[in-house]
Amino acid sequence: MQKEVIGMASDHAGFEMKEAIKKRLMDAGYEIKDYGTHSADSCDYADYAHPLASAISMGALKVGVAFCGSGNGINMSLNKHTDVRAAYCWNNEITALARQHNDANICVMPARFLSEDDCWQFAQTFLSTPFEGGRHQRRIEKISHF
């Protein structure tokens with residue numbers, strides 16, 4: 001059975017980590033849609049966050065993984081899109097809870113502050129942890145209704 005397509009994005013500070021995790025995901029059987037950046041040349045995270053977030057928002061993809069140096073800028077850009085719930089994932093418990101309680105659909109990691117092994121562990125946790133639904137569904141429905 002083929003695994004789902006994973007969208008990926010980063011800026012220059014997250015480029016090397018994105019490439020390393022992309023290779024591990026492909027080796028694990030995932031298909032990757034890479035929205036860039038495609039080099040370590042200085043660039044703006046929003047230019048790559050918005051295409052990934054649009055794909056999630058429009059339903060072309062279900063999940064994504066994104067990186068920037070701190071994780072903050074790309075996370076803020078991703079979360080500007082309707083139905084995108086990008087979660088800042090910096091340890092395994094936070095990553096699992098982002099899926100279980102928030103039905104996060106993009107895992108964002110700070111490339112300058114995590115090891116490749118940590119990022120790989122968090123990506124695996126994110127992709128394998130189911131949403132619990134129930135009372136959490138009601139809360140998610142309130143996110144974009146204010």
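Figure 1. Two strands pair if DSSP finds at least two bridges between them; helices (H or I, at least four residues) and strands (E, at least two) are DSSP runs, numbered from the N terminus. The model is predicted, so local features need pLDDT of at least 70 and side-chain atom pairs count only at pLDDT 80 or more, while totals for chains, interfaces and linings use all residues. Residues are numbered from 1 along each chain as its sequence is written, and side-chain values use heavy atoms, with hydrogens and water left out. Strand E1 (residues 5-10) is parallel to E2, with four bridges between them. Ile-6 has Ile-32 in E2 as its bridge partner.

**Figure 2. The open sheet.** Five strands, in the order E2-E1-E3-E5-E4, form this sheet with parallel pairing. Strand E2 (31-34) and strand E4 (86-88) are the edge strands, each pairing on one side only.

**Figure 3. Salt bridges of Asp-34.** A salt bridge is a side-chain nitrogen of Lys or Arg within 4 Å of a carboxyl oxygen of Asp or Glu. Asp-34 bridges to Lys-18, with the closest N and O atoms 2.8 Å apart. Asp-34 is in strand E2 and Lys-18 in helix H1 (residues 15-27), so this pair ties together parts 16 residues apart in sequence. Asp-34 also forms a salt bridge with Lys-22, again with closest N and O atoms 2.8 Å apart. A network of salt bridges links Lys-18, Glu-19, Lys-22 and Asp-34.

Figure 4. Asn-75 sits in helix H3 (residues 72-78). Its relative accessibility is 13%, and buried means under 20% relative accessible area (1.4 Å probe, protein chains only), so Asn-75 counts as buried.

Methods:
Buried < 20%, exposed > 50% of the residue type's maximum accessible area, 1.4 Å probe, protein only.
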